[in-house]
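Here's a quick look at how two parts of one chain sit against each other. Have the model open while you read.

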Amino acid sequence: MNRPVGAALAGVVTVLVLVALIGASGHVALGDTDPGAFVRFSAALVRLTADGAGALTVGGLVYAVFMAPARRDGVLKAEGYAGLRIATHAAVAWFAAAAAMAVLDIADASGQPLSEMDLARLLGGFSALETPKAWAISAALVLIVMIACRIVLTWLSCAVLVLIALFALLPPVVAGHASAGAGHDIATDAAIWHVTAAAIWVGTLVVHVSRGQRYKSQYNVISLICFGTLAVSGVLEGLVLTPWRDLSTPYGLLLLAKVVILAALAMFIRRALWTQVVAMAVGIGVSVGMARQPPPGFFAPQTPMDTLIGHDISAAPSVWDFFTAWRFSLIFGTVAILLAIGYLLGVRALRKRADRWPVGRTIAWLLGCLVLLLATSSGIGRYGPGVFSVHMVTHMVLNMLAPVLLVLGAPVTLALRALRPNQGPREWLLAVLHSRVSRVLTNPLVACVLLVGSYYALYLTGLFDQAVRWHWAHLLMNTHFLLTGYLFYWVVIGVDPGPRRPPYLGRLAMLFAVMPFHGFFGVIIMSTQDVIAENFYRSLAVPWIGDLLADQRLGGGIAWASGEIPVLVVVIALLVQWSRSDEREARRHDRNPESDDELAAYNAMLAKLSDTRR
């Protein structure tokens with residue numbers, strides 16, 4: 001028996017044993033009927049296939065993008081293409097398993113054998129349950145990856161597929177155990193980090209050892225980062241779903257088994273790699289078993305606030321509470337800290353080479369990271385999911401203030417100067433900057449539409465009414481606010497290299513063209529007589545919010561007025577950049593006053609030659 005088959009068999013045996021031991025206890029604990037042994041074992045084995053194939057797809061793509069070197073023109077070399085082929089075959093199995101899980105999960109959750117599931121019951125279950133929808137979304141994303149893997153040959157295209165594949169892992173995660181009950185906001189964030197790190201580590205390990213361990217240094221970096229992320233996120237998620245007193249429950253025992261496996265992996269993190277593969281296969285099997293057993297946190301008393309937003313906001317906050325009542329966001333808070341650390345390391349690398357970097361840019365970047373941290377992890381982030389006016393503060397800070405400060409930090413310029421040439425990351429960054437996607441996104445019209453159009457599309461179409469109920473939707477909204485704001489201000493006041501920007505007068509026109517639409521949006525929110533997401537906010541029943549419409553009008557006023565200070569900063573920065581550009585042009589002309597006349601004469605000569613040929 002060869003090693004890959006042995007590892008797969010270890011995972012299958014683990015799942016079969018656990019499902020046999022668990023039996024119908026998970027359904028009994030939730031008060032559901034048992035769908036039968038066939039559905040229980042089939043759902044577990046198919047879930048194992050989906051998780052394993054998903055990790056292998058991600059691993060093959062990461063190997064092709066970040067481990068195997070590409071040619072100078074961005075086309076994959078033979079070793080990178082080998083990783084892409086592995087991802088292609090794994091994506092086929094992943095797609096089939098995800099599509100099957102969309103059906104099996106309906107039968108499993110409804111407690112009915114497949115033989116009794118007709119089309120009407122399947123459609124009804126799909127409409128009523130969230131996890132089948134999640135599997136369907138994953139299947140659709142994996143289908144894109146599966147088809148694209150057979151077409152693409154360039155590094156940048158594979159990098160895009162890495163992002164899509166990682167995103168395809170998440171829908172079943174954010175709709176699973178971590179999405180319900182008290183603390184589900186923290187548990188969901190931890191689960192996102194956990195599953196992402198696990199998939200990258202497992203997948204790259206399998207591909208790395210199967211390809212002869214050619215790139216050990218790259219793999220060592222990936223494995224250490226993923227191990228640290230896996231350990232911290234797993235502990236945090238476990239503490240939320242399983243308090244210490246409940247570790248003797250079936251779910252708690254499986255959690256302890258994962259801890260033991262992780263500790264064993266730590267002992268062999270740089271040796272006995274095939275042993276690690278087997279241990280990881282067993283770990284995936286244990287995770288599948290945990291997915292079939294409700295965590296103890298499910299049975300704790302829940303309030304509407306616990307169910308809807310994951311934490312209590314019943315006490316009316318003071319102004320001081322918005323800065324002190326912290327609830328750290330494991331996603332955005334961690335990203336803000338990592339961005340600040342990475343920037344400071346870049347500045348340090350320049351100083352070691354006696355290279356100067358403007359202090360103002362460093363201050364702007366660090367302030368931007370601080371604003372991001374405060375908007376998502378302070379009292380603003382705590383109350384934002386349950387109070388519309390506070391949510392609007394988060395929206396405007398992430399969309400209007402944080403991006404301005406981050407853009408003024410010029411992170412791309414810093415990275416290009418700090419990173420060494422011909423060592424991977426610098427070339428990856430240049431490839432992204434000069435890509436067709438970058439040229440499209442930084443088109444002034446596209447940047448303006450994305451910034452302003454999203455306001456109207458989110459709040460005035462009913463989309464926010466559906467999104468506000470889910471923590472993962474808040475993560476997507478905040479990500480969208482931050483990225484669209486950064487993109488717009490990068491075009492207007494960015495100093496980083498990239499696709500050609502409009503002239504300074506055109507940038508100023510962009511800014512003033514957007515301002516009326518932003519103000520008009522605030523006026524619409526203030527004047528509307530219908531409460532946005534009324535059912536959600538009434539179900540939440542925040543006691544100190546007496547009039548939902550008044551709170552909504554306050555949110556509209558915040559949206560209307562919040563653009564003043566950021567716009568003032570942008571106008572000042574733009575005028576300063578314009579003035580400095582004119583000064584540089586004047587100095588260039590003073591150094592060579594005849595250059596402009598010579599250029600004009602040369603152009604006139606070319607025009608005359610063209611007329612002569614005609």
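The centres of domain 1 and domain 2, taken over C-alpha atoms, are 31 Å apart. The domain assignment (automatic or from a database) puts domain 1 at 2–298 and domain 2 at 316–571. Contact here means heavy atoms within 4.5 Å, and 18 residues from domain 1 and 16 residues from domain 2 take part.

Keep in mind that this is a predicted model: local features need pLDDT of at least 70, side-chain atom pairs count only at pLDDT 80 or more, and totals for chains, interfaces and linings use all residues. Numbering starts from 1 along each chain as its sequence is written, and side-chain values use heavy atoms, with hydrogens and water left out.

Now for the interface itself:

| Item, domain 1 to domain 2 | Value |
|---|---|
| Buried area (accessible area, 1.4 Å probe, lost on being put together, summed over both parts) | about 1500 Å² |
| Salt bridges (Lys or Arg side-chain nitrogen within 4 Å of an Asp or Glu carboxyl oxygen) | 1 |

On the domain 1 side, Trp155, Asp189 and Trp193 supply 35% of what domain 1 buries against domain 2, more than any other three residues.

As for charged pairs, Arg327 forms a salt bridge with Asp185, and their closest N and O atoms are 2.6 Å apart.

Definitions and conventions
Buried area is the accessible area (1.4 Å probe) that two parts lose on being put together, summed over both.
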